[in-house]
Amino acid sequence: MGLETWIEVSRMDELGRQDTPVHRIDARVKTVTTLLFIILVMSFSRYEVSALTPFFLYPVALLFLGQIPPRSLLMKILVAAPFALAVGLFNPFLDHRPVSAIGTMSISGGWLSFVSIMTRFLLTVSAALVLVACTGMHRLCAGLERMGVPRVFAVQLLFLYRYLFIIADEGSRMLRSIELRSAGSKHLRFRVYASLVGHLLLRSMARADRVYQAMLARGFDGQMRVLHPTPLRWSDWVFLLGWTAFFVAARTWNLAGMLSGPFMKGAS
Amino acid sequence: MHMADALISPAVGGTMWAISGGIMAYCARRVKESLKDNLVPLMGVLGAFIFTAQMINFSIPGTGSSGHLGGGLILAVLLGPHAAFLVIASVLTVQAFFFADGGLLALGCNIFNLGFYPAFIAYPFLYRVIAQDRYVSARAIFAAMAAAVAGLQLGAFSVVLETKASGLSDLPFGTFVLLMQPIHLAIGLVEGLTTAVVVSFVARARPEVMPTASSLAGMPVNARPVLLGLLMATVFAGGILSWFASTHPDGLEWSIAKVTGKEEVAGRESGCASAHRRCRKQQPSCLITISKRQQKPLPARSHPMKQTIPRRGRRGMPAHRFRDLRVASSHWLW
C-alpha cells in the first residue's frame with residue numbers, strides 16, 4: 001500500500017463529491033441495486049459467459065452518466081485481479097471435458113469456467129468501485145445507517161475514513177524522516193521497524209484522545225445525529241425499478257444470445 | 001486472504017453475510033453497553049493506524065522479502081474483542097470499496113475469516129491464556145505468535161471451505177488446503193512477531209494506555225456467544241459439505257486422485273504459490289516509492305482531475321444539493 005494508493009483514494013473521494021444525475025440518486029437505492037446486481041451475476045451457472053455480457057451495461061452506464069474517468073477504475077481492477085486469477089487459472093488444467101465448440105475447435109469446460117470467472121470478476125469489482133465513485137463515502141455511510149446497519153458501525157466507518165489520510169500523513173512523514181537518517185539503505189531493520197510502528201501507534205492514540213476532547217467540548221454525548229432523513233424521490237424509484245427489471249430480464253433470458261442468434265448458441 | 005466476489009456463490013455469500021452481520025450487531029450492542037464513549041474516536045483512529053502500518057514494511061533478513069503488521073490480533077489486544085471485530089469489519093469494508101480488495105458479496109466471508117477468528121478465538125483462548133496480561137515478556141511473544149498463527153490458519157481454512165462450497169473453482173480441496181495453509185503459516189509467524197514487539201514497545205513506553213487486567217476484568221470473556229458462533233459455523237460447514245458430498249458422490253476420491261495422480265497439479269502449485277505471494281507483496285517497498293514520488297511532483301497527476309471535476313462554489317447551488325448539505329452538516333462534530 002504505497003503512497004499512490006492514498007492519492008487514488010483521495011481521487012475516489014473527489015469523484016464521489018461530483019454532482020451528476022447518478023450522484024443525485026439516493027445512496028440506499030444505489031447500494032441495493034448494486035447488491036442485487038452482484039447477487040444475480042453470481043447466481044449464473046459456472047459455464048455461463050454470453051448471458052453475463054448484458055450486465056456490463058450497468059457499470060458502464062453509471063461510469064458515463066457519473067462522469068467517472070474509466071482509466072483510474074481499470075487500474076484498480078487490474079491491481080485486484082491476482083486472487084481471482086490465481087484460483088480460476090486452475091480450472092482449464094483440471095476440467096478437460098469438451099462442452100462446446102466454435103467451428104472445429106472444441107472448448108473444454110475448464111476454459112469456459114475460467115472465462116466466466118474472469119467476466120464475473122470484472123463485473124462485480126467494477127460495480128462496487130463505481131458505486132463508491134458515484135456516491136462518496138459520506139452519503140454511503142448515511143445511507144447504510146438508514147438501511148439498518150448498526151449505528152456504531154456506520155460511525156466507525158466514517159471515523160476510519162476521516163482519519164485514514166491524517167494517520168497516513170503521519171506515517172509517511174515518519175518514513176521520510178527515517179529515510180533521511182539512513183542514507184543508502186532501502187529497508188528497515190526489524191528493531192527500527194518495531195519502534196517506528198510503536199511510535200506511530202502512540203501518536204495515533206494521542207490524536208484519538210485530542211479528537212475526543214474536542215468532541216466533548218462540542219457537546220458529544222455518544223450519539224451521532226443525522227438531520228431530517230430525505231424521502232425517496234420518483235427518480236430514485238425509476239432507477240431502482242428500471243435496473244431491477246433489466247437485471248431480472250437479463251437473468252431470465254439470454255439477451256446476448258437473442259441478439260447474436262445462432263452464433264453464440266454453442267457457448268451459452 | 002481477501003476473497004473476491006467472482007468466486008463466491010450467492011448462497012455462501014449470503015450465509016456469511018448473515019453470520020457476520022449477526023456478530024456485528026452483537027458487537028455493536030456490547031460496545032454501546034460498555035459506555036466508554038472515548039472508544040468511538042479510538043476505534044476510528046486505530047482502524048486508520050492499521051491501514052498506515054500496513055504500508056510500512058521491514059525486511060526479513062536472508063529472504064529478500066518484507067513483512068508488515070497484520071490487523072486482527074493487535075486490535076483485539078488494544079481494544080478487546082468486540083470493538084476489534086467492528087474495526088476489522090470497517091477496515092475490510094473500506095478495502096472492498098476503495099481498493100477492490102475483496103468485494104461486496106464476499107464481504108461477509110472476509111469479515112468472518114479475518115475478524116471472527118483473531119478476535120473471538122485466537123485472542124481470548126490463546127493470547128490471553130498464554131500471555132496472562134503481561135505484555136513485555138517472552139511469554140507475550142510466544143502468545144502472539146501462537147494466536148496469530150492459529151487465527152490465520154483457521155481463516156485460511158475457511159477461505160478454502162467457502163470457495164469449495166461456492167463450486168466455481170475446480171481446484172481440488174486437498175491441493176487448495178496444501179496451498180493456503182503453509183503460506184499463511186509464514187504470514188502468521190510474521191504477524192505474531194510484529195504484534196508482539198509493537199505491543200511490548202507501547203507497554204514499555206506508555207504502560208497506562210494498555211488495557212490492564214482490572215479493566216479487562218469488566219470485559220469478561222463470555223464463552224457462550226463464541227460457542228454459539230462456532231456451533232453456527234459447524235452447522236453451516238456441515239451443511240455445505242454434505243451438500244457438496246451429495247452432488248459429488250465420489251468427491252473425496254476424485255480430489256485425492258487429482259492431487260496424487262497428476263504431476264501437472266504438483267508442478268503448477270509453485271506457480272500459484274508465487275502468484276499468491278506476489279499478490280501479497282503488492283504493497284511495494286515504501287521507501288523507494290516515496291523517494292520516487294518526491295522527485296515527481298504530485299500536481300502533475302492531480303491536474304487533469306481538477307479539470308474534469310470543477311469545484312463548485314456555494315452560490316448557485318442547485319436545490320438537490322441541499323440534502324447532501326444536510327447530511328454533511330450533521331458531521332460538524334468532527
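This is a predicted model: local features need pLDDT of at least 70, side-chain atom pairs count only at pLDDT 80 or more; totals for chains, interfaces and linings use all residues.
Me: What distance separates the C-alpha atoms of A:R17 and A:H138?
Reply: Along the chain, A:R17 and A:H138 are 121 residues apart.

Me: Which element gives the largest share of the side of domain 1 of chain A that touches domain 2 of chain A?
Reply: Chain A is divided into domain 1 (3–144 + 231–267) and domain 2 (151–217), and their C-alpha centres are separated by 35 Å. The contact takes seven residues from domain 1 of chain A and eight residues from domain 2 of chain A. On the domain 1 side, the elements that give two or more residues are α1 (3–16) and α9 (137–146) of chain A. The largest share, four residues, comes from α1(A).

Me: How many nonpolar residues does the side of domain 1 of chain A that touches domain 2 of chain A have?
Reply: By class, this side of domain 1 of chain A has no charged residues and one polar residue. The number of nonpolar residues on it is six.

Me: Which element of chain B do the buried residues of α3(A) pack against?
Reply: Helix α3 (residues 27–42) of chain A has 16 residues and reaches 23 Å, close to the 22 Å expected. Its buried residues include A:V29, A:F37, A:I38 and A:M42. Within chain A, the buried residues of this helix pack against α4 (57–65), α8 (109–133), α9 and α12 (234–252). From chain B, the packing partner is α1 (10–33).

Me: Which residues have the most contacts inside the largest nonpolar core?
Reply: The largest nonpolar core has 169 residues. Domain 1 and domain 2 of chain A both give residues to this core, so it lies between them. Beyond four places in sequence, B:I88 touches B:G71, B:G72, B:L75, B:I111, B:L114, B:G115 and B:A119. The residues with the most contacts inside the core are B:L86 and B:I88.

Me: How many residues of α2(B) are buried?
Reply: Chain B has 14 helices and two strands, and 45% of its 334 residues count as buried. Helix α2 (residues 39–53) of chain B has 15 residues and reaches 20 Å from its first C-alpha to its last, close to the 21 Å expected. This helix is mostly covered, and the number of its residues that are buried is 15 of 15.

Me: Over which residues of chain B is the pLDDT below 50, with 92 contacts beyond near neighbours in sequence?
Reply: The model scores ipTM 0.83 and pTM 0.74. In chain B the mean pLDDT is 71, and 61% of the residues reach 70 or more. One stretch under 50, residues 217–221 of chain B, has three contacts beyond four places in sequence. The stretch with 92 such contacts beyond near neighbours is residues 244–334 of chain B.

Notes: Residues are numbered from 1 along each chain as its sequence is written. Chains are lettered from A and ligands numbered from 1 in the order in which they are written. Domain bounds come from an automatic or database domain assignment. Two residues are in contact if their C-beta atoms, placed from the backbone, lie within 7 Å. Ala, Val, Leu, Ile, Met, Phe, Trp, Tyr, Cys and Pro count as nonpolar, Asp, Glu, Lys and Arg as charged, and the others, Gly among them, as polar. A residue is buried if 20 or more other C-beta atoms lie within 10 Å of its own, exposed if 12 or fewer, and partly exposed in between; C-beta atoms are placed from the backbone. pLDDT is the predictor's confidence in each residue, from 0 to 100. The expected span of a helix is 1.5 Å times one less than its number of residues. A nonpolar core is a set of buried Ala, Val, Leu, Ile, Met, Phe, Trp, Tyr and Cys residues joined through C-beta atoms within 7 Å.
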